[in-house]
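This briefing covers a ligand site and some backbone features of one protein. Please have the sequence and the 3D view open while reading.

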Amino acid sequence: MILSEYKSKELLSQYGVAVPEGRVARTAAEAEALCREVTATKYVVKAQIGAGGRGLAGGVKFAATPSAVRSEAEKMLGKPLVTQQTNASGEIVKEVYVEAAVEIAADAFIAIVLDQNAQPTLLASATGGVNFEEQARRNPDMVSSLTLAGNDVEAFLQGLGFQNAKAAAKLVENAHKAFLANEMTLLEINPLAMLASGDWVAVDAKISIDGSAMFRHPELETLVMDHALSSVERTAQENEINLVKLDGNIGVVVNGAGLGLATNDMLVDAGGKPANFMDIRTTATSFQIAKGVELLLEDSAVKIILLNVHGGGMTVCDTVTEGVAFAYARAKRKPPIVARLAGQNVEWAHRMLSERRLPVTVCTSMGEAVDKAVSIAKGGRV
Ligand code: GDP
Ligand code: MN
């Protein structure tokens with residue numbers, strides 16, 4: 001669950017992290033009018049989309065006057081913004097954030113992530129900014145890390161060359177509190193800017209919250225950036241399914257995020273192209289699974305459905321096959337299915353697939369199923 005920049009800043013400021021003053025607008029006229037509420041000599045207009053990389057793509061513009069704010073907002077709103085982090089069609093800009101532009105004396109990068117042991121870990125670099133990600137990709141040594149629990153953040157930042165490390169460490173401490181209290185999986189501030197006064201300010205912020213923990217934070221529900229999802233992805237969410245559309249032709253129906261990633265990796269390794277990533281949550285009913293499968297069947301690019309299910313825990317094999325059977329019963333287009341099922345109620349599920357007369361090829365191993373699916377997607381025999 002990604003929070004947009006302004007919602008991320010709103011949340012951080014509640015924990016004492018300094019952010020520039022700003023207001024969000026949905027129309028250009030509103031953007032101009034809001035300038036009256038912002039104390040500034042110069043403004044920044046920022047497209048609110050889920051993806052980063054906006055600065056290099058025209059999604060962050062300076063404006064000296066309220067009327068210049070209006071015209072910059074006009075150029076962004078309602079149009080797709082394509083950045084290095086979006087796909088080729090970009091994300092439609094529905095909101096802009098109008099902020100007081102700050103004078104940056106030094107810019108840095110910090111992020112808090114969870115390490116392999118789920119320990120909050122600080123990533124930091126004394127240089128930040130729009131080119132940071134590209135630089136860090138080429139030179140990973142630019143980023144240093146420190147487990148936050150029990151370590152001296154100030155000394156760490158000092159060692160990395162942060163100016164006024166004491167104030168920067170205080171900001172990290174506040175960000176850490178926000179991270180823990182809201183069960184974040186990612187908090188990134190780039191740039192973290194130092195003003196001439198020595199104060200550190202979050203000029204950009206990006207927060208991701210653990211979707212499985214959202215029920216414990218009903219107050220965040222309104223902050224979540226649901227318009228970063230396509231309508232297909234949102235419908236899937238409403239049906240207890242995590243679905244991400246991809247541009248291939250093999251529809252995948254999988255329970256479990258790890259199995260979903262492994263399945264897609266195997267498909268790509270075998271020369272295939274997944275049409276989606278899918279993770280059916282353990283709470284999904286067969287009706288909800290049917291809805292998820294329908295979303296794939298409605299996509300004319302999908303030439304085949306690969307069903308890869310490990311029954312166990314709360315999703316048993318026949319719950320999934322029942323969902324598939326419902327979807328196929330209603331569908332106009334019935335692409336072939338390759339099924340690999342294992343675990344609880346597998347015999348029952350196999351019986352259901354054949355009794356409901358689904359166009360299915362049953363495989364016993366994941367490797368075999370993946371090869372078969374790739375071959376059918378390439379026009380091979382069913
Ligand atoms: P991103 O490209 O999507 O990460 O968007 P950012 O919010 O990081 O903005 C891109 C760049 O614009 C930043 O790296 C800064 O260099 C610049 N920028 C944004 N806001 C301000 C500001 O208030 N003052 C100054 N001087 N630069 C800013
Ligand atoms: Mn940024």
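**Backbone and ligand site**

Pro-191 has its place in strand β11; strands (E, at least two residues) and helices (H or I, at least four) are DSSP runs, numbered from the N terminus. This is a predicted model, in which local features need pLDDT of at least 70, side-chain atom pairs count only at pLDDT 80 or more, and totals for chains, interfaces and linings use all residues. Residues are numbered from 1 along each chain as its sequence is written, chains are lettered from A and ligands numbered from 1 in the order in which they are written, and side-chain values use heavy atoms, with hydrogens and water left out.

**Backbone geometry**

- The peptide bond between Asn-190 and Pro-191 is cis, with omega about 5 degrees.
- Ala-118, in the loop between β8 (106-114) and β9 (120-125), has a positive phi near 60 degrees.
- Glu-183 lies in the loop between α6 (165-181) and β11, and its phi is also positive, near 50 degrees.
- Most residues other than glycine have a negative phi, and most peptide bonds are trans.

**Shell around ligand 1**

- Ligand 1 is surrounded by 17 residues, counted when one of their heavy atoms lies within 4 Å of it.
- The closest are Lys-46, Arg-54, Gly-55, Val-102 and Asp-204.
- By class, the shell holds nine nonpolar, five polar and three charged residues; Ala, Val, Leu, Ile, Met, Phe, Trp, Tyr, Cys and Pro count as nonpolar, Asp, Glu, Lys and Arg as charged, and the others, Gly among them, as polar.
- Ligand 1 lies between domain 1 (21-100) and domain 2 (106-212), because both give residues to its shell; the domain bounds come from an automatic or database assignment.

**Polar contacts and burial**

- Polar contacts here are pairs of N or O atoms within 3.5 Å.
- Arg-54 places a polar side-chain atom 2.8 Å from an oxygen atom of ligand 1.
- For Gly-55, a polar backbone atom is 2.7 Å from an oxygen atom of the ligand.
- Asn-190 has a backbone N or O atom 3.1 Å from an oxygen atom of ligand 1.
- Taken alone, ligand 1 exposes 560 Å², of which the protein buries 85%; accessible areas come from the Shrake-Rupley method with a 1.4 Å probe.
- Two or more residues of the shell come from each of β3 (43-47), β4 (60-63) and β11 (184-194).

How values were computed. A polar contact is a pair of N or O atoms within 3.5 Å; within protein, one must be able to donate a hydrogen and the other to accept it, and residues adjacent in sequence count only if both atoms are side-chain atoms.
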